[in-house]
Amino acid sequence: MSKYKLVMLRHGEGAWNIENRFCSWVDQKLSEDGLREAEMCGKHLKFLGFEFDLVYTSILSRSIQTAWLIMQELGQEWVPVRSSWRLNERHYGALIGLNRAELALNHGEEQVKIWRRSYDNAPPPIDESHPYYQEIHTDRRYTCCDIQKDNLPKSESLKQVLERLLPYWNEEIAPEIKKGKRVLISAHGNSTRALLKHLEGGSRMMT
């Protein structure tokens, strides 16, 4: 039996997932299918006998909703939930809201692949002319972060996602796991991908 217990998962489907658009930091609720996905995940974890002591989410609703539904299915709604912007999805900058297929037509498949899949290439940053700039960057939740709102990213590579995530992992999550706490992280495709890259990339889990 492993010494440490950690479950990481991506949130259920949102409306923009269906439309193949870059959602990123735009706050969206789960779709009907996304709600069912979260509930089914909870049922599966219950069947496997999982119990948790702590839950971590991003501060985006789809991540929080997924965690709530899973814990409800487990009958463990009382378990403490801690939320941080450091577990947010990657900030896709100027690409936010755009359809991936249309973007490929305008910029070419190769450029889109570089923006999406390379480790250290960030998309163009979002600016105040962007239709979703105000929605994201005037949101009250970003006044409660552990850094000044003006210092929050306007675009990120996967490398930068890992850099902003690691302090939270090292200072908050990993110490709890080391104490023997059973931890669930309900986050996003790129934040879980970045953390997995760290954990599987030659670094010891608890360093």
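How many Å² does the accessible surface of the chain come to, and what percentage of it belongs to carbon and sulfur atoms? After that, please look closely at strand 4.

Mentor: The accessible surface of the chain comes to about 10,800 Å², and 50% of that area belongs to carbon and sulfur atoms. Bear in mind that this is a predicted model. The average pLDDT of the chain is 93, and 96% of the residues score at least 70. Over residues 202–207, however, the pLDDT is below 50; in the model this stretch has 12 contacts beyond near neighbours in sequence. Where pLDDT is low, the predicted coordinates should not be read in detail.

Now the setting of the strand. The chain holds 8 helices and 4 strands, and along the sequence they follow the pattern β-α-α-β-α-β-α-α-α-α-β-α. For 207 residues, a compact globule would have a radius of gyration near 17 Å; the chain has 17 Å, so the two agree. Along the principal axes, the C-alpha atoms fill a box of roughly 50 × 40 × 35 Å. Of the 207 residues, 49% count as buried. Among contacts between residues at least 6 apart in sequence, 81% join residues at least 24 apart.

Strand 4 itself covers residues 182–187. This strand is mostly covered, with 5 of its 6 residues buried. Strand 4 pairs with strand 1 (residues 5–10) in the parallel sense, over 6 bridges. Within that part of the picture, Leu9 has Ser186 of strand 4 as its bridge partner. Strand 4 also pairs with strand 2 (residues 54–57), again in the parallel sense, over 4 bridges. Here Val55 stands opposite Leu184 of strand 4.

One further place deserves a look, the loop between helix 1 (15–18) and helix 2 (32–47), where Asn20 is found. Most residues other than glycine have a negative phi. Asn20 is not a glycine, yet has a positive phi of about 60 degrees. Ser24, found in the loop between helix 1 and helix 2 as well, has a positive phi of about 55 degrees and is not a glycine either. As for cover, Asn20 has a relative accessible area of 32%, so this residue counts as partly exposed. Ser24 has a relative accessible area of 2% and therefore counts as buried.

How values were computed
Residues are numbered from 1 along each chain as its sequence is written. This is a predicted model: local features need pLDDT of at least 70, side-chain atom pairs count only at pLDDT 80 or more; totals for chains, interfaces and linings use all residues. Side-chain values use heavy atoms; hydrogens and water are left out. Buried means under 20% relative accessible area, exposed over 50%, partly exposed in between (1.4 Å probe, protein chains only). Helices (H or I, at least four residues) and strands (E, at least two) are DSSP runs, numbered from the N terminus. Two strands pair if DSSP finds at least two bridges between them. pLDDT is the predictor's confidence in each residue, from 0 to 100. Contact means heavy atoms within 4.5 Å. The radius of gyration is taken over C-alpha atoms; the globule rule is 2.2 Å times the number of residues to the power 0.38. Accessible areas come from the Shrake-Rupley method with a 1.4 Å probe; for residues, only the protein chains shown count as cover.
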